[in-house]
Amino acid sequence: MKYIDEFQDPDLARRLLDDIHSTVTRPWALMEVCGGQTHTIIRHGIDQLLPDLVELIHGPGCPVCVTPLEVIDKALEIASRPDVIFCSFGDMLRVPGTGRDLFQVRSEGGDVRVVYSPLDALKIAQQNPRNEVVFFGIGFETTAPPNAMTVYQAKKLGIRNFSLLVSHVRVPPAIEAIMQSPSCRVQAFLAAGHVCSVMGTGEYPELAARHRVPIVVTGFEPLDILEGVRRAVHQLERGEHTVDNAYARAVRPEGNPAALAMLGDVFEVTDRAWRGIGVIPDSGWRLSARYRDFDAEHRFSVTGINTREPAECRSGEVLQGLLKPHECEAFGTTCTPRNPLGATMVSSEGACAAYYLYRRLEITPTRTARTAAPAPTARTAERTATADAPLEASPVA
Amino acid sequence: MPDTTLDITGWTCPAPLRDRPRVVMGHGGGGALSAELVEHLFAPAFGGPVLAQLGDSATVTLGGVRLAFSTDSYVVRPLFFPGGSIGDLAVNGTVNDLAMSGAQAAYLSCGFILEEGVELSVVARVAEALGDAARAAGVEVATGDTKVVEAGHGDGIYINTAGIGIIPQGVDLRPQRVVPGDVVIVSGEIGLHGVAIMSVREGLEFGVDIESDCAPLGDLVRAMLEVTPDLHVLRDPTRGGLAASLNEIAAASGAGVVIQEGRVPVPVPVRNACAILGLDPLYVANEGKLVAFVPREHAEAVLAAMRTHPLGRHAAVIGEAVDAHPGLVVARTGLGGTRVVDLPIGEQLPRIC
């Protein structure tokens, strides 16, 4: 793999930042849809470098965060069964259901395995014919095609002890829901590049035109984010609202035809609940009737699920961009990555976790201000606390 | 109200593991869960001022001689990996724990826990690797033990080693000696061991030309101490990586730590593998690296000495201890932003997409 350094080049970043600073004249609120973009923004401090007039709002695009509590609880229930081998991507294991997580199920004797591909789960099914092997199929348009292909393979190979616990979601209906919200502040979107590499850009022009909102397809490296912001700000300043592909090295307008064909064969569109947000019409996929036998919810009678979401968790507002993570009363006190109230704090792509991991320094003085003397704003506190740290004066630097 | 004054000295938390009723893998990951297990469960149960130091090795005085004493267990999978084996690790891990106290390891104990059914040829290869590593590190395996567990109750071979060595006079390495202004030096490229292991682990094989950095650090430490015995603290960033070591030092010293992310040596294959898996190289394990907090006036000379040693030729200054944000580690990013570098909770988990 090449080009990582090229897309983190400080000199090129400075040029993009200069362009953004010289272009912006009014306050703008941009939403990056994907949790991977949020992670890059916070990890590299990009939001600190943008003009104060440009606000980045973190969107609902963390697949781990938006998987409904009920589905997590179903996963916990299925994974606890003695004959089941439950396979999942690693970052789902730490997501809390009602009272416990998959790590805990494993510590109680459940056979929970981390896999790196759904095909690995299928292989496990072939190697363990006496067990039921269930793969936790969550995610956006990025993870849906390989999961669809795995079910297709299972059917083709006649593997009967494999099933999928499905909670796949689609991005465009979420954008639609956010724009229809009366409290929506979003004026432009940075669309998730990997989603568009599968789906293409065809779903977006109508959305952009109807809501008069620029949509810039954006990648995940720091320069990708800055270029996305730059193009969005240019559109906003000019009063335009088109779909712009700033991730042309990976995204073609027509998407990935093979992946789309697989999705169309195995899945069908359905209403889907998003954790913290609620049901969004047509926002998910379920296995189509031809593959219903591979649906874990049909295969296992998962009843008696009694979900209990912590009342003080405000991750839904965070996922809709209505609340910054540190503005939540529970942030960093009753809710930390050690003891998360919601998935936005536990997922590595979650906005709350990103703020907690990377921004505690600047947030702490702001929060203390509620009971103590006025503190500097987040950005000011950041600069006084660290940007002037005397590392440059090191005699051996 | 009863007329009593409560003396809370010596109290420990009555519910130390409130969120985890059972052991999970993260309790062995070298992060926050591991630290909690030791500090809230083991340390109160065992007691004792020596254990309370909570260093990589204990410092004890016997017959007027200051000794470093350490133990570690090795449960790595697979048993053989690019650049080493569980046998090399079992020597170098313990030797390096002693070296972080400034001691040269003198004697090791070695306990093998073998799983029923493992091939004797495999045990022999591991034993030979262990013997070779001990000779290379200049340490003698003086005592040992063997146990066998039933098939299915182990991963082939587990090894425990303990080691002992003498701390030279004038050497006092502990985080409490760190003061603002100390220069932070890392001895070389980070993340090699963790990525080498991941590159051959079942389900995650990916083609990288990378080997573990597994190596004994005693000789490098000796070269550094020859420049000045006044090094403040050394740590070898194994589980939890550089981030965990820096956090431990920051927490124990009360100092803040600032690092320049761009100055941390990360080999390109490590950076690429981490990018694919969604991992942060700062949290990836090493087995032949150290991080040193050195008084500013000695930093240049120590760095020069490290760079003349084969295990320190990529040594680099990566940051310093500061007055600001006590107990926290902060990274300045390549683009000019900043972020907190936190203690990992448990193990790093590859992202979903």
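**Sheets, cores and contacts**

Author: Chain A has an open sheet of six strands in the order β4-β3-β5-β6-β11-β10, with mixed pairing. Strands here are DSSP E runs of at least two residues, helices are H or I runs of at least four, and both are numbered from the N terminus. Two strands pair if DSSP finds at least two bridges between them. This is a predicted model, in which local features need pLDDT of at least 70, side-chain atom pairs count only at pLDDT 80 or more, and totals for chains, interfaces and linings use all residues. Residues are numbered from 1 along each chain as its sequence is written, chains are lettered from A and ligands numbered from 1 in the order in which they are written, and side-chain values use heavy atoms, with hydrogens and water left out.

Reader: Which strands are at the edges of that sheet?

Author: The edge strands are β4 (111-114) and β10 (267-274) of chain A, each of which pairs on one side only. On average, neighbouring strands of the sheet are turned by 25° against each other, direction ignored. Axes are lines fitted to C-alpha atoms, for helices over the stretch in contact, and angles run from 0 to 180 degrees between N-to-C directions.

Reader: In what sense do β5 and β6 of chain A pair?

Author: Parallel: β5 (residues 132-139) and β6 (residues 162-169) of chain A share seven bridges. V134(A) stands opposite S163(A) in β6(A).

Reader: What does helix α8 of chain A touch?

Author: Helix α8 (residues 144-157) of chain A packs on the sheet and touches β5, β6, β10 and β11 (278-287) of chain A, with its direction at about 155° to that of β6(A). Contact means heavy atoms within 4.5 Å. Helix α7 (residues 118-127) of chain A lies across β3 (84-88), β4, β5 and β6 of chain A, at about 170° to β5(A).

Reader: Now the core. Which residues have the most contacts inside the largest one?

Author: F86(A), F162(A), F189(A) and F267(A), in a nonpolar core of 89 residues. A nonpolar core is a set of buried Ala, Val, Leu, Ile, Met, Phe, Trp, Tyr and Cys residues joined through side-chain atoms within 4.5 Å. Buried means under 20% relative accessible area, exposed over 50%, and partly exposed in between, with a 1.4 Å probe and protein chains only. The largest share of this core, six residues, comes from helix α5 (residues 69-79) of chain A.

Reader: What does the side chain of T40(A) reach?

Author: The backbone oxygen of F220(A), at 2.7 Å. T40(A) sits in helix α2 (residues 35-43) of chain A, and at 10% relative accessibility T40(A) counts as buried.

Reader: Where is S212(B)?

Author: S212(B) is in the loop between α4 (192-200) and α5 (218-227) of chain B. S212(B) is buried, with a relative accessible area of 9%. A polar contact of 2.8 Å joins the side chains of S212(B) and H193(B). A polar contact is a pair of N or O atoms within 3.5 Å; within protein, one must be able to donate a hydrogen and the other to accept it, and residues adjacent in sequence count only if both atoms are side-chain atoms.

Reader: Last one: which way do the residues of β8 in chain B point?

Author: V183(B) and I185(B) point one way from β8 (residues 183-186) of chain B, V184(B) and V186(B) point the other way, and all are buried. β8(B) pairs antiparallel with β11 (residues 291-294) of chain B over four bridges, and V183(B) has V294(B) as its bridge partner there.
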